[in-house]
Amino acid sequence: MGVHESANERLALLATTAPGIAASEIFRLGLYHAAAELQTMAAAVHMRGPTPALRLVSSVGLPSALAASWEIVMEDGPTAPAEAVREGHCTWVPVESGGIAGPPTRPWPGTGFASVPFFSADRAVGAITLLGTATRGEPSTQEWDFLRAVAAWTEQRLRQAPPRAQPTQEDLDGGRLRQALKGVPIGTWTWDLRTGHLDWADAAVALFGALPADYEPRMENWVRLAHPDDIPSTMAAAERAIRERTVYEAEYRVRRPDGSYGWNQARGSVACDENGQPIRMAGVVWDSSESRSARDALARALRMMSDGFILLDDDGRILFANLEAERTLGATEQELFDRVLWELPALRGVPELQSRCREASAGAAAVGFDVWMRPDRCHHLRLLPGPSGLTVYLTDVTDSRRREAERDAARRAAAHRSTQIAELTAALAKARTSGDVVGAVARWVLPPFGASGLAVIAVEGDRTHVVGAVGYQKVLLDALDGIPLASDDPIGEAVLTGAPLFIPSAQEYVTRYPRNADRPRLAGKQAWAFLPLTVSGRTFAVCTLSFDQPRHLADDERSLLTAISALVAHALERARLYDAEHTRAQELQRGLLPKRLPDLPECTAAARFLPTTQGMDVGGDWYDVIPLSAGRVALVVGDVMGHGLPQAATMGRLRTAVDTLAHLELPPDEIMSHLNQVVGSLGEDSFATCLYALHDPTTGICTFTLAGHPPPAVVEPDGRVYFPDLSPDPPLGAGEPPFQTSELHLHDDSLLVLYTDGLLESRGSEIDQGMAELAALLRTADHNDLERLCDLITSAALQCGPSRAIDDAALLIARLHTMPAERMATWQLPGQPQAAGEARQHVREQLSLWELDDLVLAAELIVSELVGNVIRHARGPAQLRLLRSANLICEVSDGSLTTPRIRRAAETDEGGRGLQLVAALSQRWGTRYTTTGKCIWAELTPSNGGNDPPWDLLADAEL
């Protein structure tokens, strides 16, 4: 940022200052921005007084030693502020020209002084002066303009400054003064502000002693009698009283005729003419040497006090330091005087000391804090703000802080142990399984006691069973599992006696239990605590803590471990009941699911079920693979909403209903309508989602019906993954039929991934995010092994940890195959009686091509019977189709919707045995409806010529 831009921003910032601020704040702000903009070391403001002299009223960065010579500047002198006020224009005075106010006590830094006057009406009343740096010369034109602008802002704000409170009549009458100075000789004085004449009454002259013969009663002559160190403050008090019309009060030293100095205190008030202009100041003066002696005695007491005592001015410079402060800071009073407190070597490492001193001064409130000035000594610093600086107390608190630290450490240790016991109690209250209990004990008990091993051993009958362990080798756990209870074994002794055992060393262990002398070596431990776990007077387990080193537990530690064992006992008993119930619930859950999936040539499938990790309630997720006629396969996945035995029972009913309806060869939408009725009959609070997919290997078409269920994922043979846009319906129990169906043509070897929402949803994500993650996983996974693919997907779900534990999950992956054209044969048959013969001819020829000659006889009989029934009882064109899958499938279709039913024929009946013959010759048979009528089918299994024909039925067969 350029100089011009920076100056404008500072002037704009000054312009935002609210009118009415005090004069001291006006000077402070003006000096700050002037010094910062011109990058000078110091700046000061001088103002005219009633005498022909300028008084220092404010400064920034001006050291005390240099400021003393600038307290009073004569107007007729060569200094920069005097020339600026006298001439009324900007002034630059180089240092080498001698333009320095008063006798310098030390060399002035910088190259010179730049001073700009400010006015009241047409009269210059003061000047702003800047001390240049060692490299800076006279300000540039732009910088002079900026200083003039600051001076103009100062003039404006001084006109708006509020007047100080007027002295009360009591102040003017001196009532309190007379009371305070009763018995003290008092003199009076009058000072004419226009002429400078100063009149002393006889009593006042007596206070000063004999005046010189050539003494003229003027203020300038009185200044020569006063002590040089007291003149600046005394004149400043007079100037302030005149300017602000307040009571004047000052204490100063005056030279006696014998050359000594005595202390006097003066007080007065200002009188004004009819225009409000000050014309005279009058007051009283008295000898204050006695009170000064008392204050000197106080200073001596402060000097010798046991705590360190330091006085600071507003800039943090040391004005006074007693002996203890000297000893603590490692320097004499002369070495400390005029040094900045936070720059001392002893305090330089104290963090934020300067900011804390500033904070105490600005906040007008005491600030206290501890500091370590040496690694082995701690001191408490207390900062007390005063009217002209800070008072600092230094107290050595090393011993008390160490005692406090020891007490705090003991309290923290006790509190930490109590906190860990409380956390252990909370963790045990949340623990469900025995493993949760062991984990809680390992986390919250081992660290506080410094233990490294934990084993929880339950008693089942008269033998032990390791429930869980931490920090032990498997060889030892195997040795502890299944051993009989005995009194010469620490575990058996703890169970039989119900009393805790504490063994402080491996040597004592071997001495007490010589039969188990090898256990310390196997365990790698050196000390043990055996805590019996007892509930309702029955000890059912032992909790063992072990240590890597010999350890003698104190009495309070033993008592605490005994109390902890009671908490662990109740938690473990509850967890074992939970484990038993949970195991039974899981067995029920898995008993309702398929024990194994069918091995089908048209569909290779793998499935997984993930129970929820929360609670013991069973859920309602299920899956199924149902083989149907003509090589078709139904793939089903569903989810009954909720958890518990009612939901599991509903799931079992729905799975059974789906299997039954599917084998009735009903279309998917009709199956879903029947399922909706089943769920609706269970009550208004029963709902379920379901996806039913019917795969036809002869066409490659998969028909879907969805009831509130997420769509499946399709993985093409080339690895492309997508979720088909299927038409969903409301969940079962909430929707009304008819249900919609969608068809999708899938390539051979495509994967169809069906799932319930519990596999993808978690506490932290929605199902859409889960579907995206599933698709990403399927794109990169190996699709050849479906079992490994299922494990990969479920592992990814389990890696979510507790976030996935909100629901059960079911996963079904099916690789779909289409039937090659060479394994299918279809013929249209005439509606004449000779159609049966043609059908038998087609069967013989086709089975010969397929090398299924052993099935020719049975296939001819079945086809002949089915075609004969079509000619006799049905209508429409007849069609014969043979499919070669794992079995030989024979299908005869017609245009009739009449369903053939098998019945038992009487001995006198001429017919009615055809379907009995079909049922006897085939592995299975059935009827399904098509878009043009119906289809009767039968399956034959190639096995050494197939089934033997039922010759007792052939006699009645209508061929």
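**Reading helices and loops**

A: Start with helix H27, whose buried residues pack against strand S33 (824-829), helix H28 (856-873), strand S34 (878-884) and strand S35 (888-894). Contact here means heavy atoms within 4.5 Å, and buried means under 20% relative accessible area, with exposed over 50% and partly exposed in between (1.4 Å probe, protein chains only). Helices (H or I, at least four residues) and strands (E, at least two) are DSSP runs numbered from the N terminus. Bear in mind that this is a predicted model: local features need pLDDT of at least 70, side-chain atom pairs count only at pLDDT 80 or more, and totals for chains, interfaces and linings use all residues. Residues are numbered from 1 along each chain as its sequence is written, and side-chain values use heavy atoms, leaving out hydrogens and water.

Q: Which residues of H27 are buried?

A: In general, an α-helix has 3.6 residues a turn, so residues three or four places apart point the same way. In H27 the buried set is Ala835, Ala836, Ala839, His842, Val843, Gln846 and Leu847. Looking down the axis of H27, these buried residues fall within an arc of 120 degrees (taken from the directions from the helix axis to the C-beta atoms), so they line one face of the helix. Just beyond H27, Glu851 has a positive phi of about 60 degrees.

Q: How many Å should H27 span?

A: The expected span is 1.5 Å times one less than the number of residues. The 15 residues of H27 (835-849) should span 21 Å, and the end C-alpha atoms are 21 Å apart, which agrees. Helix H23 (645-663) can be checked likewise: its 19 residues reach 27 Å from first C-alpha to last, close to the 27 Å expected. Its buried residues include Ala648, Met651, Leu654 and Leu661. Among the elements covering the buried residues of H23 are helix H22 (555-591) and strand S24 (633-643).

Q: How should I read two helices side by side, say H2 and H5?

A: Two packed helices are described by the angle between their axes and the distance between the axes. The axes of H2 (residues 23-38) and H5 (residues 141-160) come within 10 Å and cross at roughly 170 degrees. Axes are lines fitted to C-alpha atoms, for helices over the stretch in contact, with angles from 0 to 180 degrees between N-to-C directions. That makes H2 roughly antiparallel to H5 (angles over 145 degrees count as roughly antiparallel, under 35 as roughly parallel, 65 to 115 as roughly perpendicular, the rest as oblique). Residues of H2 including Ile26, Phe27 and His33 meet residues of H5 including Phe146, Val150 and Trp153.

Q: Which backbone features in the loops deserve a look?

A: Most residues other than glycine have a negative phi, and most peptide bonds are trans. Here, a cis peptide bond joins Pro737 and Pro738, with omega about 5 degrees. Pro738 sits in the loop between strand S29 (728-729) and strand S30 (742-745). Asp749 has a positive phi near 70 degrees, lies in the loop between S30 and strand S31 (750-755), and counts as partly exposed at 35% relative accessibility. Arg245 has a positive phi near 60 degrees, in the loop between helix H10 (231-244) and strand S9 (248-255).

Q: And how many helices and strands does the protein have?

A: There are 30 helices and 37 strands, and buried residues make up 48% of the 959 residues.
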